[in-house]
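Hello,

Here is the structure I promised to pass on. Please look it over, then read my notes below.

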2 protein chains.
Amino acid sequence: MFESAQIGHSIDKDTYEAEVPALREALLEAQYELKQQARFPVIVLINGIEGAGKGETVKLLNEWMDPRLIEVRTFDQQTDEELARPPAWRYWRALPPKGRMGVFFGNWYSQMLEGRVHGQFKDAVLDQAIAGAERLEQMLCEEGALIIKFWFHLSKKQMKARLKALRDDPLHNWRISPLDWQQSQTYDRFVRFGERVLRRTSRDYAPWHVVEGVDPYYRSLAVGRILLESLQAALANTPPRHQGNVAPLGRSIDQKSLLGALDMTLSLDKKDYAEQLVTEQARLAGLLRDKRMRRHALVAVFEGNDAAGKGGAIRRVAAALDPRQYRIVPIAAPTEEERAQPYLWRFWRHIPARGKFTIFDRSWYGRVLVERVEGFCSPADWMRAYGEINDFEEQLSNAGVVVVKFWLAIDQQTQLERFEEREQIPFKRYKITEEDWRNRDKWDVYAEAVGDMVDRTSTEIAPWTLVEANDKRWARVKVLRTINQALEAAFAKHKK
Amino acid sequence: MFESAQIGHSIDKDTYEAEVPALREALLEAQYELKQQARFPVIVLINGIEGAGKGETVKLLNEWMDPRLIEVRTFDQQTDEELARPPAWRYWRALPPKGRMGVFFGNWYSQMLEGRVHGQFKDAVLDQAIAGAERLEQMLCEEGALIIKFWFHLSKKQMKARLKALRDDPLHNWRISPLDWQQSQTYDRFVRFGERVLRRTSRDYAPWHVVEGVDPYYRSLAVGRILLESLQAALANTPPRHQGNVAPLGRSIDQKSLLGALDMTLSLDKKDYAEQLVTEQARLAGLLRDKRMRRHALVAVFEGNDAAGKGGAIRRVAAALDPRQYRIVPIAAPTEEERAQPYLWRFWRHIPARGKFTIFDRSWYGRVLVERVEGFCSPADWMRAYGEINDFEEQLSNAGVVVVKFWLAIDQQTQLERFEEREQIPFKRYKITEEDWRNRDKWDVYAEAVGDMVDRTSTEIAPWTLVEANDKRWARVKVLRTINQALEAAFAKHKK
């Protein structure tokens, strides 16, 4: 894999100096075109052997190109805000928006390689990390991102010579690499595991580029050209991708459906409701104050038919708690900054820190509900969203976040009655719009979308709870009880 | 000041229950109207005596109103990301956008009171903090925010009874206040300094509301009504405020001006330039690696005539550094999320952490330059901006941020030549727009705005440097040298 990057590639100074001006101009041109189109972001990953010129090359790119459109990010020590959230959060918050370029040093690959090289974990964990990186990159590319991955290489002999030279140079010895790189063992392990990583993560949509780092002229020109060609190809490639064939989802052939199977007559009388509500609210308050909550966070997702009582249920949950303990995030149309990012970005930005509770009033499931039904995204987009959402929730779960998801279901007659009631009561008239009436006409299409959503995203780590919500009292108690059970189940896994 | 909040206000249960439904409806109505108008944010500050019902009242408001439109924030321990920036940064990042309500517990007042009560500082420092709070609130109000400040009060006797009751109540003893509140001394000091704070910060645009906290019915109804009346008044008050008379700025009566006094013939020949540039770049690289940099951050602001060479100067600064050390923030039109916040918010969000360097390519001075000249804001807005900007920069400076500001000046003839050149060269044509040509016609108005800006915002802590930029080489070296001198001056203040 690294063979052709150990053969002493080099370019003479004259050739280099003759080529650079045109390359620079073309890079600038591409960069401004990128900004103009504002159609996709560019993510450049910088990895490889210590001393192979990673820092110098990025510095040079910043000189060649317009540094105002490049964001260079390092990910060394995590801040305490980052430590309190899933590991990927720090990358999500640093993603460049459409039209700009982000250069990531010390990215996900550095982290997994460091861990494996220093024996913090074995191959199985490395392979998990590799698979996670692949899913992340594939998702970013499907969202339009251009990912360019560079591996700067040196043979062991070249590396030793290079580190020695750096050490002896008073102008540069401050940036000498960590001591352990000077041991051959580290090099061998780094290259061995590096090869494993590159082999598995070099994909058509985000291939690795291995660049021999010993000769600055060769290295700089090679990187500049790869960058330029990748940029030009992506800028020319205007048609939206992945609009191709989408395998159809099977339909129920016996007319039975999940929603149809719900017992919509379930209800609670006033007295039972009052008792059970207070009990469950006190239980929730107690659970959130439990010491074990410090190692978890809680995310509750509320979806449901219009007028199914999401707001009311959310208020009964909130009423159990001190307002300092939770945040409610209402999801409406994305803002301009959110539209310049991959779909899941606007949810990642609201992921709670450990110990905290976030309630999403509508959520990332909009992709496979309203966006699917209204055609706001292509079938390919919402089809892949199922997998992306499962990945997302798995990352939350791995970081200790308890994810609870509710679909509040009412029948058509109940909805009609509530719409009419809303139009009568002054302070409720804000809750009803033309659009709500229009959505009613699409009842069956929505029901189908809900069925597919539950089938494809109800998982052991983040199951859906279908809530029979014709009776508001029943629904509210069921929501609270489900949250409590999920928290207790999570706490029960702790060693006493 | 607190007299009428110690007389045992109370309301009977029947009156309370009769009044609440209408109050609730009106609050909801106001809240939705606030969201609909999306014209201003509401900031509710919660302060006062421990045990006076602060938490309970906020909880109740969340039950009465729609909690999805309320963001409750606590500011207890600072995260390390917050500790690395000026103290106000944590408040800026938590500001609610227009149309929403933020409830701030543990806000700036709590912080100053804690510090004074526990003897961490004396009255002089308290008064500084008070003045700072006043300036912040005035600015927020001028930007349209509605600020409602509640002081929950109890007499000493009432407090002691209340804390005892809480302690004995198994359902609530978890939220019992810190021990030191149970000592009379803390109460006395808290009330004494609290009075000083309230006296000085109760202003027409953001008055304090002192509410006796002993009776829950009285307290809840009082707070609910104040909130409702404040909201209704602000919602009805549509005309933009402060459009009144603006005192004219004096004009130079002898035709002399700052910009006119620059020696635009200053230049460097190629050889001197090459030498000096390398020297200053190496000096900057060294300074940013200096240990003393860990206690500072660096902010460089670039403003100037169109085509004055801002981009080129920024690139020469950047070229001195490892791209991981700096960020360049190009300021263009504000995004939707930025427009929903006070003017300075979009700059606060990019303030560097200690040890870091941020370059602003255009800046907060847009308010008193392009926005003034083009009439994008009212004269009152840009007139008050001078003071707001000085406050902002003082806060940066107090937190160890070195602020360097450049105006790159060229003459009209030079600008014309550069415009024409830009239209010739393919990769430079992005740099020139119709607007640039239009701005040229406003040369004199811009010159006047620049003169006023420098007169009013060139301060000892953040002086302007006017850069003679007809000769690019001269300008670039002067920029680098000025940054270096500013850093060295800041470092020199450290004890050896």
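First, a definition: copies are superposed by least squares on the C-alpha atoms of residues with pLDDT of at least 70 in both. On that basis, a rotation of 180° with 0.0 Å of shift along its axis puts chain A on chain B, with an RMSD of 0.0 Å. That is the relation of a two-fold axis.

Some ground rules. This is a predicted model, in which local features need pLDDT of at least 70 and side-chain atom pairs count only at pLDDT 80 or more, while totals for chains, interfaces and linings use all residues. Residues are numbered from 1 along each chain as its sequence is written, chains are lettered from A and ligands numbered from 1 in the order in which they are written, and side-chain values use heavy atoms, leaving out hydrogens and water.

**The interface**

Contact means heavy atoms within 4.5 Å. By that rule, 55 residues of chain A touch 55 residues of chain B. The copies meet through the same surface, because 100% of the interface residues of chain A are also interface residues in chain B.

The area buried between the two chains is about 5,000 Å². Carbon and sulfur atoms give 53% of this area. (Buried area is the accessible area, with a 1.4 Å probe, that two parts lose on being put together, summed over both.)

Eight salt bridges cross the interface of chain A and chain B. The rule asks for a side-chain nitrogen of Lys or Arg within 4 Å of a carboxyl oxygen of Asp or Glu. R68(A) and D361(B) form a salt bridge at 2.6 Å, N to O. α1(A) gives the most to the side of chain A that touches chain B: seven residues.

**The sheet in chain B**

Helices (H or I, at least four residues) and strands (E, at least two) are DSSP runs, numbered from the N terminus. Two strands pair if DSSP finds at least two bridges between them.

Chain B has an open sheet of five strands, with parallel pairing and the order β2-β3-β1-β4-β5. Its edge strands are β2 (70-74) and β5 (208-212), each pairing on one side only. The twist averages 20° from one strand to the next. Axes here are lines fitted to C-alpha atoms, for helices over the stretch in contact, and angles run from 0 to 180 degrees between N-to-C directions.

β1 (residues 42-48) and β3 (residues 101-105) of chain B pair over five bridges. V42(B) has M101(B) as its bridge partner in β3(B).

Two helices lie across strands of chain B. Helix α9 (216-236) lies across β1, β3, β4 and β5, at about 165° to β4(B).

Best wishes
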